[in-house]
Each structure stands twice: as structure tokens, then as C-alpha cells.
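Here are a few friendly notes to read alongside the structure. Take them one at a time, and find each part on screen as you go.

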Amino acid sequence: MSSSFGRILKLSIFGESHSPAVGGVLEGLPAGSPIDLHKLRSFVLRRAPGAQAASTSRKETDEIEFLSGLLNGKTTGTPLSFIIRNTDIRRDDYSKTASVPRPGHADYTGTAKYFGCNDHSGGGHFSGRLTAPLCCAGGIALQQLDCENIRVNARIVRVGSVTDDSEFTEDVSGKAFPAVSDAAGSKMLEAIGQARAEGDSLGGIIECVMYGLPAGLGDPMFHGLENTISQAVFAIPAVKGVEFGDGFALSGLTGSRANDAFCANNGSISHLSNHAGGINGGISNDMPVVLRVAVKPTPSIALPQRSVDMESMADTILSISGRHDACIVPRAVPCVEAACALAILDAVLLRRSEVYGH
Ligand SMILES: Cc1cc2nc3c(=O)[nH]c(=O)nc-3n(C[C@H](O)[C@H](O)[C@H](O)COP(=O)(O)O)c2cc1C
């Protein structure tokens, strides 16, 4: 199933950008798990449009309505289902994209896959709006992980050509702009403002670190922790690259520089560095899991671009109006945390069933 994820913790996401609601069904949560709805709402609102200085002017309240699986603030153990209503719907903004696909968006591929039957308005099921239920499910997973003393924190390390080289020592989730360095953050915001003024857009890089994972989560080969985390992270539209630890840079190092050496530590074993990003052979090694996610520039831009009118099959020029993020990166930060949390909680539950049989 295309919009489903997970082996023990199974998430299915539904909806379109301009359908009455988007939502999800989450199965496999242990019965009796408390969900702090206030905390969940705060998390989901970090992604909401309008919450970020750099974001689209689409206004959505993103109220979560649980339909099943939650009683007196605790999971029942049966499927947890929820919806988030779409309130700020303007189908007319997208009248052109039915026949003229936006370069960089999924209008053309969606038409090819579904023979034009799909709801193209606002990108339909391919819209960034679908990250609202992703964040709701991921926010619930984060609360579960918290009980296991596992923390997941992401931050922006790059927007366009502006980088933040600061060490990731503080949780930036409470900040209006989720970069460690405020000076770098202001420069990133400036660059986004400039791109928007020019009718253009910017991409960037998000770093996510997960602390507290025990050694032994994940599997070799096709279900490695890198595989499953990447599978969840690539569900976020506009993600085009994922690297773990030193990632691509490892390919240029010698083995003696790239290896994470061991040392004895009071009867257990510790690593002296973390170039591997906390994973060897697809399995967590006790060190923090570290990944970097490349987010491309927002496809919908005001600057004129070449496209084709698929009705007349004639070349045409497309300039996109409507409400679009000039840079998706700030809103994608909680999405990355959510995707990682879902993948890690699934691995934790799977490990538990392997070891204890439940
Ligand atoms: C939070 C979020 C908001 C997004 N907002 C927009 C937007 O306003 N305009 C746009 O063209 N794309 C937006 N996107 C990206 C597109 O949905 C995405 O590029 C498109 O579906 C094609 O998928 P791909 O880039 O993964 O190939 C957004 C993505 C996310 C995660």
C-alpha cells in the first residue's frame, strides 16, 4: 500500500490538500498508553502553515479529531483514527495545474499514474498538507519514545547558501526559527524573503539526532534502521536526499579515519566517535543516530517556467500564483522528527516482540 508504513506500528495516511479532511489510522500502539493532547497539539502546530515567519499564508487551525482508539486520554489498543479538517480551501488557485503540470511538482507524474482521475487541486495527495497527519502520528510516537527515554530532535543546518555550523547542543523546538545560531537563522530568513520577493524559492538541509536508542534495533539488509528511517523520511514531499553520520563524506576518508573505534567502559563497550551515525549493519550501535535530510526548493514559484498544456500538447509558460512556502525547510523540521519517531518506535516494538514475544 502506497500511503502506509510500518511492520508492528502501522500507519496509513489519507486525504487531499483540498478534500474535506486529511487523516490517519495508526495500529499497533500498546493499549493503555496515555496521549497528552496538549503536547500533541503543540507539536503538530510547529508544522502548521502560518506558524513560521517564512511560511505560506494558507491558514489552517489543524485541530485533531480522534474518531476511535482513544478513551479517557489513553489508547484502547484498537486502531487509533483521526482527522484534521481542511478549512482554508481555494480550489480556484489550481485551475491551471489540471492541464499544465507544475515543473518539480507531482502534477505530471500523478496524472500519468492515475490517468488524470486524481484530485490535482493543491497537489492533492502529493501536497505538503499530508504531513499534518504524519506529524499527528509522529507526535504520538514521540510521546511513546519519551517513556523509553529516547529523544528525537531536528534543526536546520542550511537554507540556500546560508549554513549554521554550530554544534547541535540545544533543543530548538521552542524557537520561532529552528536553527541553533540565531544569527545564522536571521540570515536564512533574509535569504528566504529575498527568494520570495524574486518570485523564486529555496531548499536546505535538516539534521536530526536521536538519543537513547539501545544497541540492537533494526535488521540487516532490506529492513536496516537506515532503510526504514529513510522510507519514512522520504514520505515527506520535497525530500531528495538522506545521509547517516558522515554519509557521503565517508567515501573520501581512509578506513583509519572513518572507523569508530571502541573502548572498554566499566564492563561495557563504548565508541570513541560516531562517523557511522549510530548504525552498523542496519542495527543501532548505542551511539546517537544522526541523519541529514536534503529538502529541495519549493516547486511552485511565481517566476515564469516552461511547461506543456496537456490538452493541446503545446508548449506554454507557467507562472504560479496562489499561496506557497518560499522555503519548505522550516516546516519540514517537525515532519522529519515525526517520520524518524515512527520508524524508531516501530523498531522498538519489533525488537520487543522478538525478545519477549509481545
Ligand atoms: C510542509 C510542506 C509544505 C509544502 N508546501 C509546498 C507549497 O506550498 N508549494 C509547492 O509547490 N510544494 C510544496 N511542498 C512540496 C511538494 O508537495 C513536493 O515537492 C511535491 O509533492 C513533489 O514531490 P517531490 O518533491 O518529493 O518529488 C511542500 C512540502 C512540505 C513537506
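1. Start with helix 5 (residues 225-233) and helix 7, whose axes come within 8 Å and cross at roughly 140°. Keep in mind that this is a predicted model. Angles over 145 degrees would count as roughly antiparallel, so helix 5 and helix 7 are oblique to each other. Their crossing is right-handed.

2. Which residues of helix 5 meet helix 7? They are Leu225, Thr228, Ile229, Ala232 and Val233, and on the helix 7 side you will find Val336, Ala339, Cys340, Leu342, Ala343, Asp346 and Ala347.

3. Now turn to helix 3 (residues 131-147), which packs against helix 7 at an angle of about 55°, with the axes 7 Å apart. Helix 3 and helix 7 are therefore oblique to each other, and their crossing is left-handed. Helix 3 brings residues including Leu134, Gly138, Ala141 and Leu145 to the contact, while helix 7 brings, among them, Pro334, Ala338, Ala341 and Leu345. The residues of this contact divide into 14 nonpolar, four polar and one charged.

4. Finally, have a look around the ligand. Which helix gives the most to the shell there? Helix 7 (residues 329-356) does, with three residues. Of the 21 residues around the ligand, Phe126, Gly128, Pro237, Ser300 and His324 come nearest. The shell divides into nine nonpolar, nine polar and three charged residues.

Conventions: Residues are numbered from 1 along each chain as its sequence is written. This is a predicted model: local features need pLDDT of at least 70, side-chain atom pairs count only at pLDDT 80 or more; totals for chains, interfaces and linings use all residues. A residue is near a molecule or strand if its C-beta atom, placed from the backbone, lies within 6 Å of it. Helices (H or I, at least four residues) and strands (E, at least two) are DSSP runs, numbered from the N terminus. Ala, Val, Leu, Ile, Met, Phe, Trp, Tyr, Cys and Pro count as nonpolar, Asp, Glu, Lys and Arg as charged, and the others, Gly among them, as polar. Axes are lines fitted to C-alpha atoms, for helices over the stretch in contact, and angles run from 0 to 180 degrees between N-to-C directions. Angles under 35 degrees count as roughly parallel, over 145 as roughly antiparallel, 65 to 115 as roughly perpendicular and the rest as oblique. A crossing is left-handed if the near helix is turned anticlockwise from the far one by less than a right angle, and right-handed if clockwise. Two residues are in contact if their C-beta atoms, placed from the backbone, lie within 7 Å.
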